[in-house]
Structure formats: C-alpha cells, structure tokens
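Reader: Hi! Could you walk me through this one while I have it open?
Author: Happy to, just ask as you go.

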Amino acid sequence: MKKWLRENLFRSYLDGVVTLVSAALAIWILTQLWNFVFVTGRWEIIQVNLKLLLVGRFPEESMWLVGLSMISLAFFIGLAAGSLRSTGLKSRKVTEIAIDVTRRFGLLLLLAAAIIYLAGTLDALLAGLQVFAALAVGRLLGGLKTTITWLKPIPKALWLALWALLPIASIGFTLSVASLEEWGGFLINFYIAIVSIVLCFPLGILLALGRRSSFPVVRLLSTTYIELIRGAPLFVLLLLAGVALEFFIPPEIAPDVIFRSVTVFTLFTGAYLAEIIRGGLQSIPKGQTEAGKALGLSTVKIIYLITLPQALRNVIPAQIGQFISLFKDTTLAGAALSVFEVLNIGKAITKQDDFLGQGMIYESLAFVALLFWVGSFVMSRESQRLEKKLGVGVR
Amino acid sequence: MKTRLAGELGMPTSPPGASSRIPIWRNVRFLRVLFQLAVLAIVGAILAWLWNNYQLNVARSSIPTNLDFLDNPANFTIPGNDFDQSQPVRAAFVEGFFNTLQVAVVGILLATVLGTLVGIGRLAKNFLVRKIAAAYVEVIRNLPLLVLLTFMNLAVVLQTFPRIEDAWQPLDLFVISNRGIAIPWFLGSALNIAGVLLLALVISLLVRKLRQNYSDRTGKPSRDVLYAVATFTALLIAGWLVLGYQIEVPIVDGRSTSGGLRLDPSFFALLVALVLYTSSQIAEIVRGSILAVPKGQAEAADALALSGGQKMRLVILPQAFRIAMPALGNQYLNLIKNSSLGASISYFELTQIAQITVGNGSPAVPAFTLTLLVYLAISLVTSLVVNFFNRRLALVER
C-alpha cells in the first residue's frame with residue numbers, strides 16, 4: 001500500500017503537489033455532482049415527461065409495439081453477434097459467464113439504475129431487462145448455429161437475412177400502426193440512426209470499391225462524391241435538405257422531415273464509411289487478389305468472396321466509431337429540421353408551465369446527455385473489446 | 001497481349017491460336033469502355049433528372065437561380081458588429097466568413113493545447129492525473145457536440161452567468177455576465193501590436209537559428225529556446241516603451257462593458273463547446289501517437305539521463321506529432337465544419353448568415369451552395385496547410 005502510494009501519487013515533491021491539487025479538483029467535482037444528483041436536482045421534470053422524452057407522442061395503446069420492436073432488434077443483434085463468431089458455444093461455468101457479463105455491462109447496469117432513479121419508475125428497468133434478455137437469447141441461439149451440425153451448412157448470409165425479417169417485420173408493423181409523425185423523442189433518434197446505418201452501408205461499400213476501381217470514370221465519380229461530401233458540414237447539408245430537397249424531386253412527393261434527415265445522414269455517412277472501407281481494402285495484401293485470380297475467380301467473385309469480407313472485418317472498430325458519431329449526430333436533425341427528437345424535447349419541457357423559469361435546463365439536459373452517453377460509451381467499449389479480440393494490427 | 005487481357009477478367013486463358021479474332025462482346029477493352037459509358041449514362045441520367053426537376057420547380061414558383069441576391073440589402077443586423085442592415089447580403093457573408101474563421105482559429109489553437117495536455121495526462125505516472133484525464137476524455141467524447149453546445153449556451157451562459165448588474169469580476173481583470181465575457185486587451189492600434197509581435201517573432205527565430213549554428217560549430221550548448229524567449233520578451237518590452245501601447249482592463253459601464261475585448265456570449269459558448277469536444281478527440285490521438293513512438297526512443301533518452309520533461313519535449317513529443325499529424329488535420333477539419341453548429345445558438349457565422357438570408361427570401365439553393373463551397377474552400381486550404389507540415393515532418397524514407 002505504502003509502496004503503491006509512493007510510486008503512483010508521491011514520486012517527488014512536485015508530484016505530491018500535483019496529487020493534492022488534482023485530488024482537491026476531483027473531490028470538488030464529485031461533491032458537486034453528488035449534490036446535483038441527490039440534493040439540488042429536481043428530477044420531477046424528467047419523471048413527468050419521461051414518456052415524451054423517450055418516445056414523443058407515440059400513442060399509449062401501441063406502446064407494446066415499441067417494446068416488441070426493441071426486443072426483436074436486440075434479439076437479432078445478439079443472434080448476429082453469436083452467429084458471426086467462428087468458435088461456437090463453449091461450455092463455460094455459469095459463474096464465469098456472470099463475471100464476464102458483469103464486467104462488460106456492469107457500468108451499463110449502474111447507469112440503468114441511475115436512469116431509473118432519475119425517472120422514478122420501474123417500467124424502464126423492466127423494459128431494459130427484457131431487451132437484455134432478448135440479446136442474451138439471441139446470442140445463445142446464434143452460438144447454436146455454429147455448434148449444431150445440421151445448422152452448419154446454412155449460409156450465414158441467408159441465416160441472418162431470414163432472422164432479419166423479424167425486426168424488420170415488427171418495425172414495419174409498428175410503423176403501420178403509428179406513423180412516423182407520431183414517433184418522437186429518443187425513439188426517433190434511434191430510428192434515424194438505425195435506418196441510416198442500414199442504408200449507408202451498401203452505399204459505402206460501392207463508393208469504396210468505386211474509388212479503388214480500375215475504371216477511371218468510376219474512380220473519378222466516386223472520388224468526387226466522397227470528397228465533396230467530406231468537405232461539407234453535416235449541419236449545412238441538413239439545412240439544405242430542409243429548404244431545398246423539394247426542388248430536386250417531382251412536386252407530387254412531399255418529403256417529411258424524417259425522410260429528409262434519413263436521406264442526408266445516409267448520403268453523408270456513406271462517404272465517410274467509404275473511406276473507412278477503402279482503408280480496409282488497402283490493408284488486404286495483394287497476394288489475396290492474386291490467389292483469387294490463380295483460382296480462376298472473376299473480379300466480382302474475388303471482391304465479394306475474398307477481399308471485401310476481410311476488409312470489412314479489419315475495420316469493424318472504425319465502422320462502429322462512425323456509427324457512434326452518426327448516433328450522436330441525430331441531434332442535429334432536431335436543430336436543423338425541427339425533428340421532434342430528444343434534445344429538442346429536452347429544451348422544450350423546460351418551457352412547460354410547471355417548470356418555466358425555474359432553471360430546469362440542467363436537469364433536462366443532464367438526462368438527455370446521459371441517454372446518449374450510455375449508448376455511445378457501451379458501443380465504444382464493445383468495439384474496443386472486438387478490436388482486441390480480432391487482433392487487428394497485432395497479427 | 002490476349003493472354004494478359006483474358007487473365008485480367010479472371011477467365012482461363014484460351015489455348016494459342018483458338019481466338020485469333022476475339023468477338024467484340026468478349027473483347028475486354030471494349031467491355032471496359034462500355035461499362036464505364038453505362039455508369040456515366042446512369043449517373044448523368046440521375047443528375048439530369050434532378051436538374052430537370054430543379055428547373056421545373058424553380059420556374060413554377062419563379063425563384064431566381066443566380067447569385068443576384070448577394071446585392072440585395074441584408075435587412076438584418078449582426079450583434080456585436082457595426083454591420084448595417086442596408087449593406088448587401090454579400091457583406092453579411094463576408095462577416096460570417098470572418099466569424100467562422102475567428103472561432104475556428106482560436107478553437108484549433110486551444111483544442112490542440114488542451115488535447116495535448118490531456119493526452120499526456122492519460123499516460124502520466126501519477127494515478128490521479130491519469131484517472132482524471134481518462135474521465136475527461138470518456139465523458140466528453142461520448143456526448144453529442146450539440147448537447148455540449150446547448151448546455152454551454154442555455155445552462156451555463158444564459159442561466160448561470162449573472163446579469164450585467166452583478167457581473168462576476170474575478171481579480172478585477174475579467175467581466176463575466178450573460179452579456180458575454182470581457183477580457184483585458186491591448187489599447188491602441190491593433191496593427192502596431194501585430195507589427196511588433198511579428199517583428200519580435202521573426203528576430204527571435206533568427207536568434208534561435210544563430211544559436212543553433214553556433215552550437216553546431218563549437219559544440220557548446222545552444223540554449224536556443226532561452227535566447228529566443230529572452231529576445232522576444234526584450235523586443236516586446238522595447239516595443240512597449242517606444243510605442244507606449246498598454247493593456248486595458250474592462251469595466252462594467254451601465255448595461256454594458258467598456259474597454260478590453262468583449263466576447264459575445266454565443267461566441268464564448270460555441271468556442272468552449274468546440275474546444276472541449278475536439279480536445280477530447282485530440283487527447284486520444286496524442287495518446288495513441290505517444291504510445292506509437294518506439295519504446296527504444298524513451299529508453300535511449302533515459303540512457304542519456306534526460307529528465308522526464310526533457311524526454312517528453314525533446315524525444316517523444318516531436319516524434320509523436322509526426323505520427324499524429326494526419327489525424328490532427330482531420331480533427332481540425334472537423335472543428336471547422338462543426339463550427340456551423342453555431343447557427344443553432346445564433347452565433348453569426350457563415351451558416352447562420354445563410355440561414356437568415358434564406359429566411360429573408362433569398363433563394364435557398366444558390367445561397368446554401370455558396371455556403372457549402374466556402375466551407376469546401378476552407379477545408380481544402382486547411383488540408384493543404386496540414387499536408388505541407390506533414391511533408392515537412394514526415395520521415396524521409398529511403
């Protein structure tokens with residue numbers, strides 16, 4: 001203990017002073033935070049508006065559909081994670097699994113507890129547990145895919161595509177019951193992010209391939225697109241889509257703000273994703289392509305059987321990083337296009353009659369920040385874990 | 001030749017003599033041209049469709065498509081500026097451009113300094129410093145910039161800062177209120193001050209070079225930085241004595257402040273949010289780059305008995321910055337583009353000007369296209385500068 005203290009806190013007089021100053025700083029910040037959360041913070045503004053913040057004006061009677069969509073989506077993500085592992089299920093002790101899960105999601109549970117405390121209701125806990133359980137079940141089932149003999153020959157793409165119908169169907173059904181205009185809050189941030197991620201992925205791959213293609217025309221077009229988009233601020237593009245999109249499409253189509261924002265996020269993230277995937281493609285040794293040629297594969301087959309899978313795997317962490325920034329950037333849709341998303345609602349609820357002029361902006365912004373923080377932090381943690389596991393750059 | 005082309009398509013090569021004449025639908029050269037023409041045709045058709053729609057829609061609502069709106073009177077004022085609303089839109093765009101530049105330049109400088117400090121702090125031997133730096137990075141990096149910005153604007157500046165009547169005046173040097181922040185600043189002609197600064201900088205760099213040459217010739221310690229700083233300070237003091245410029249401290253003057261330099265509340269909020277956000281990204285880059293410097297370098301510095309500070313300053317950081325340069329350049333570009341969020345808190349930068357002038361009836365498509373082109377130009381110039389430094393710093397590979 002004494003040795004640890006000397007080595008880590010008091011190596012020299014100067015170091016001791018630094019330690020004392022930073023200890024004072026840390027204690028001050030932590031007491032301020034404690035005070036805010038447990039003493040001065042008036043969290044009733046969150047408790048009253050919890051539903052508004054999370055799902056906007058989504059009809060009460062269809063709320064179970066949101067739960068269903070979330071659960072099926074979590075199930076699918078777990079399933080995909082499980083199926084894409086090459087090792088399959090290993091028999092592990094329950095205690096081992098428990099320790100592993102706590103280490104990975106312990107902080108998440110702590111934050112879930114924080115949200116429940118702030119929100120003052122147990123519903124969020126129940127919903128969270130259901131989603132988590134769905135994730136776990138999906139993960140298990142995905143593991144079975146690589147363990148059970150008669151499931152093994154099914155192509156992974158087909159297997160995943162079949163199961164993807166589950167979340168797609170439930171989200172589609174939810175959309176048919178409550179149109180997007182009734183969606184709002186954190187749900188709409190989530191929706192915009194998910195849809196844009198799914199749509200920008202093929203665009204990114206095409207652009208990356210185009211930029212590395214041996215066809216000069218394709219290369220020029222892809223490069224121009226990527227560089228133009230990367231030189232433009234997302235916020236300006238969103239504003240432009242807000243006032244100018246209708247000029248470029250036939251007048252019969254009246255795009256709503258969600259459509260506009262999904263379009264911009266897709267086109268924007270596609271360009272960035274293309275650069276990431278291009279990096280991945282460049283990291284594949286030339287011998288791989290040559291080996292494909294030696295086997296007599298066509299160029300297209302070499303790309304989708306040999307180089308692209310490896311390239312995508314090599315840059316998974318960077319892709320997740322891009323998706324995290326897309327998730328955070330969905331707040332811009334609120335500022336630029338007045339989408340009824342969670343930050344806009346967070347600002348609006350402080351102007352309600354009950355809370356007007358009472359300086360509640362701290363409480364409401366803290367809650368909004370916590371939602372985004374938890375989401376991005378968990379994603380970036382998982383991506384770091386994945387990076388270690390894939391051993392990118394270590395091999 | 002035939003063999004090479006067939007091989008390119010990945011097809012098994014034909015036996016010699018079997019294909020003395022390749023039919024045109026199997027001629028790779030022809031197919032390549034055809035494919036590219038097809039791509040060009042598709043992209044061209046999409047663009048033409050969009051352009052056609054644009055022409056039709058514009059004609060239908062008789063909206064101008066040219067840049068004539070730039071000569072119309074702006075019809076709005078810019079706070080903290082003597083911009084008059086009868087001045088043309090063009091002048092407003094120029095003001096917005098300079099405001100964007102202002103927040104970008106100051107932001108890049110501050111974010112680099114703060115980010116480097118935090119990045120080094122994450123690798124400090126001191127446990128507490130390490131943890132505080134890590135917490136800083138993890139907290140800020142995972143928040144949306146817009147949430148930070150809204151927090152700075154609505155919660156900190158507009159709600160927590162006092163009214164001007166009871167402004168905070170720490171050390172009697174600053175005036176902090178919800179009308180902005182006033183800091184001490186030079187009194188007198190800015191041109192004089194800039195001239196003296198530039199002259200002092202050039203001469204002190206010259207002195208540094210001379211000291212280095214001297215050291216190279218004689219082998220004696222150069223103490224170049226010491227000499228340069230001394231020269232710089234001496235020249236500044238000399239300039240002060242000759243020109244008599246002085247620093248003025250701001251004071252509260254009724255409902256406003258006088259003296260010093262007044263920073264708009266929205267400028268302050270945007271600057272702080274951008275600096276916090278970008279510095280958390282830069283800290284990670286700096287940390288990664290320091291870790292990427294080969295371990296032997298640190299060990300060699302230890303073997304030469306350099307102190308911890310010397311090791312960092314003379315051995316590790318110069319090499320780390322070489323590694324960090326491209327990623328840093330990206331962050332600078334991000335900061336410049338992110339400054340467009342200033343429009344959401346009414347900081348009158350380029351995007352806000354465009355938004356207002358479109359709201360006042362200027363045609364949307366030309367106005368925003370112009371804005372995008374300006375951002376593109378700023379980005380291009382920035383990446384040129386970064387690339388220039390990158391080339392200067394890069395290892396000369398054999």
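Reader: What should helix H7 of chain B span at 1.5 Å a residue?
Author: H7(B), residues 224-243, has 20 residues and should span 28 Å, and its end C-alpha atoms are 28 Å apart, which agrees. The expected span is 1.5 Å times one less than the number of residues. Helices here are DSSP runs (H or I, at least four residues; strands are E, at least two), numbered from the N terminus.

Reader: Before I go on, what are the ground rules of the model?
Author: This is a predicted model, where local features need pLDDT of at least 70 and side-chain atom pairs count only at pLDDT 80 or more, while totals for chains, interfaces and linings use all residues. Residues are numbered from 1 along each chain as its sequence is written, chains are lettered from A and ligands numbered from 1 in the order in which they are written, and side-chain values use heavy atoms, with hydrogens and water left out.

Reader: Thanks! Which residues of H7(B) are buried?
Author: Asp224(B), Ala228(B), Thr231(B) and Gly239(B) are buried in H7(B). They cover an arc of only 70° around the axis, which puts them on the same side of H7(B). That arc is taken from the directions from the helix axis to the C-beta atoms. Buried means under 20% relative accessible area, exposed over 50%, and partly exposed in between (1.4 Å probe, protein chains only).

Reader: And which residues are exposed on the other side of H7(B)?
Author: Leu226(B) and Leu241(B). As background, an α-helix has 3.6 residues a turn, so residues three or four places apart point the same way.

Reader: Next helix, then. Is H8(B) enclosed or exposed?
Author: H8(B) is largely enclosed by the rest of the structure, because 22 of its 28 residues are buried. H8(B) reaches 40 Å from its first C-alpha to its last, close to the 40 Å expected at 1.5 Å a residue.

Reader: What is Val275(B) in contact with, leaving aside its neighbours within four places in sequence?
Author: Gly107(B), Leu110(B), Ala111(B) and Leu114(B). Contact means heavy atoms within 4.5 Å. Also, the C-alpha atoms of Val275(B) and Ile108(B) are separated by 7.4 Å, though the two are 167 residues apart along the chain.

Reader: Which salt bridge partner does Glu284(B) have?
Author: Arg122(B), at 2.6 Å from N to O. Arg122(B) sits in the loop between helix H3 (89-121) and helix H4 (127-141) of chain B, and Glu284(B) is in H8(B), 162 residues apart. A salt bridge here is a side-chain nitrogen of Lys or Arg within 4 Å of a carboxyl oxygen of Asp or Glu. Arg122(B) is buried at a relative accessible area of 15%, and Glu284(B) is buried at 18%.

Reader: How many salt bridges are there over all chains?
Author: Nine. One of them joins Arg211(A) and Glu275(A), whose closest N and O atoms are 2.8 Å apart. Arg211(A) lies in helix H8 (residues 185-211) of chain A and Glu275(A) in helix H11 (residues 257-282) of chain A, so the pair ties together parts that are 64 residues apart in sequence.

Reader: Switching to the interface: how many residues of chain A are in contact with chain B?
Author: 59 residues of chain A are in contact with 56 of chain B. The two chains bury about 5,000 Å² between them, 71% of it on carbon and sulfur atoms. Phe247(A), Phe248(A) and Tyr362(A) supply 14% of the area that chain A buries against chain B, more than any other three residues. Buried area is the accessible area (1.4 Å probe) that two parts lose on being put together, summed over both.

Reader: How many salt bridges cross that interface?
Author: Zero, by the rule used here.

Reader: Last one: what domains does chain A have?
Author: The assignment, which is automatic or from a database, gives domain 1 (8-40), domain 2 (59-177) and domain 3 (182-361 + 372-395). The centres of domain 2 and domain 3 of chain A, taken over C-alpha atoms, are separated by 23 Å. Their contact takes 14 residues from domain 2 of chain A and 13 residues from domain 3 of chain A.
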